Amino acid sequence: MRIDVFFSDRVGIAQEVLAELARRSFNVTAVEVAPPHIFIEAPELDERSFNALREHLFLLEGVLSVETVGMLPGAQRRLYLDALLASQPDPVFAIDEAGRVVIANGAASAACRLAEGSLIGTSIQGLIGKPDLLRDLAAADYHLPACEVAISGEPFLLETMPLHETGGRVAGAVLTLHAPSRMGERMSALQNYDAGGFDAILGTSPEIEQLKQRAARMAMVDAPLLITGETGTGKELLAHACHASSSRRSQPFFALNCAALPENLAESELFGYSAGAFTGGLRGGKPGLLELADGGTVFLDEIGEMSPYLQAKLLRFLNDGSFRRVGGEREVRMNVRIISATHRSLEAMASSGHFREDLLFRLNVLNLQVPPLRERPGDILPLAHAFLARACAQAARPPMRLSQSACAAMLDNPWAGNVRQLQNVIFRAVTMTERSIIQAEDLELAQVTTPAQPGEVRSLEQAVADFEKELLQRLYKEFPSSRRLAKRLGTSHSAIATRLRRYGID
């Protein structure tokens, strides 16, 4: 039986209570004193003897109540602590001021490949190979900067929280290790919380239904997939739908736009970097998307803009699943499906020597072609109404509708920017229009104008745009990539890519 003696605190009362149990020869197996309570565990104490003991305890000065309890608070805390540690999928260690392991959960035992009992008392420096940990702890106020360590040859990101006694002396620390795959699952869940499967792809035209059916079959084949189509057709949405319908659906999904980053940043984002690889980088290195997505999918958008060096490194990964981090010496092997996309003709680029033909063969095992919006006019108005409802909700406006003139104008528009352009047009109209009915003049659509006569200038802006378009069309034949063309014209490749999309040059 376990009892709780509640008392008015005074010197010697705990000793008197225990003496009363000793006088009756009760075996006491546990005592916890937390004024104004004394918790006592006495296995031989039964109901009858408890009542007699209770009467005598009330005769002691200061005893206010004597009640039975189901569990001693300390044992209850230990039980909850054990359950909490066991429920953590990440390895967790508690160490003392000398760096010896005091507590370790099951995940820590599995990571170290040691029994939990064997871990207790082990030096943490010997487990994680970080000799400066105790020195860093002594100088730390709160959290130490995250760094990468290795246990049994496997990489982990280490988070350290020092434990301070009253007065500021470090009494130890709690260490939590995060495996790249676990970090990837969490990051993917945050980034893709609202992305769905094929139901998220709007459209009911025969063209889009056929695309969904073909994509659903390819989603189940665990092989590289190449998605082609014009800008704004929803290639990334289709890639995520293929991942969500594949056997890897429970694993991470990450996307990287190969045209949005310089070569060195794209390499570190995709492959990660080791400690000391960059000035200003994380002290312990950083896993790349391929490590974070282990078991899942990485989507490489605008694959045609990838540099020759990265093409060769990606080819190596596609061949055997291995790579090295930037500045690293150790080979890393990961199981990741690659889905890539482009709005350009990779076959033509391979023929002209601007894209590796062997990489194209590895990427183009499966292929999906997303039709442009102008080739599926039956989807224009359903998409417009869906975007209109979404825009009204986001702008906190009452429901709006499209007039017949607005519908006719949208059906006549060529939609060079495809679904993305349609969505932007609708959102701008909802934002700028005061009326509840959107008219054709509220839509910022391309106006059909009669061509100017030779030598005739309609405006300075139009003249500059015409010259810029003609120049880019002429030079693009000789320099068929945004990076090469940007180098020729002495500007950034992102500026060139924007202008190529603006003028529909492919």
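This report walks through some local features of a predicted model.

## How to read the model

Residues are numbered from 1 along each chain as its sequence is written, and side-chain values use heavy atoms, with hydrogens and water left out. Because this is a predicted model, local features need pLDDT of at least 70 and side-chain atom pairs count only at pLDDT 80 or more, while totals for chains, interfaces and linings use all residues.

Let us start with a sheet. Helices (H or I, at least four residues) and strands (E, at least two) are DSSP runs, numbered from the N terminus. Strands of a sheet pair through backbone hydrogen bonds, either parallel or antiparallel. Here, 4 strands in the order 2-3-1-4 make an open sheet with antiparallel pairing; two strands count as paired if DSSP finds at least two bridges between them. At the edges sit strand 2 and strand 4 (63–68), each of which pairs on one side only. On average, neighbouring strands of this sheet are turned by 15° against each other, direction ignored.

Which strand does strand 1 (residues 2–7) pair with over 5 bridges? The partner is strand 3 (residues 37–41), in the antiparallel sense. Within this pair, Asp4 has Phe39 of strand 3 as its bridge partner. Helix 1 (residues 13–23) packs on the sheet and touches strand 1, strand 2, strand 3 and strand 4, where contact means heavy atoms within 4.5 Å. The direction of helix 1 makes about 25° with that of strand 3; axes are lines fitted to C-alpha atoms, for helices over the stretch in contact, and angles run from 0 to 180 degrees between N-to-C directions.

## Loops and a surface patch

Two loops are worth a look. Ser25 lies in the loop between helix 1 and strand 2, and its phi is near 65°, a positive value in a residue other than glycine. Ser25 is exposed because its relative accessible area is 59%; buried means under 20%, exposed over 50%, and partly exposed in between (1.4 Å probe, protein chains only). In the loop between strand 2 and strand 3 you will find Pro36; the peptide bond from Pro35 to Pro36 is cis, with omega near 10°.

Val31 belongs to strand 2 (residues 30–34) and is partly exposed, with a relative accessible area of 37%. Together with Leu18, Val28 and Val33, Val31 forms a nonpolar surface patch with about 260 Å² of accessible area.

## A parallel pair

Elsewhere, strand 10 (residues 225–228) and strand 16 pair in the parallel sense over 4 bridges. Leu226 has Asn367 in strand 16 as its bridge partner. Strand 16 (residues 366–369) shows two faces: Leu366 and Leu368 are on the covered one, Asn367 and Gln369 on the uncovered one.

## Two buried residues

Is Gly288 buried or exposed? Gly288 counts as buried, because its relative accessibility is 0%. You can find Gly288 in the loop between helix 11 (263–271) and helix 12 (289–292). Leaving aside residues up to four places away in sequence, Gly288 touches Ser268, Glu269, Leu270, Phe271 and Gly272.

Asn418 is in helix 18 (residues 418–432). With a relative accessible area of 0%, Asn418 is buried. Its phi is near 60°, a positive value in a residue other than glycine.

Technical notes:
Patch = residues over 30% accessible without salt bridge, like charges linked within 9 Å, V, L, I, M, F, W, Y side chains within 5 Å. Areas by Shrake-Rupley, 256 points an atom, 1.4 Å probe, with all protein chains shown as cover. Salt bridge = Lys/Arg side-chain N within 4 Å of Asp/Glu carboxyl O.
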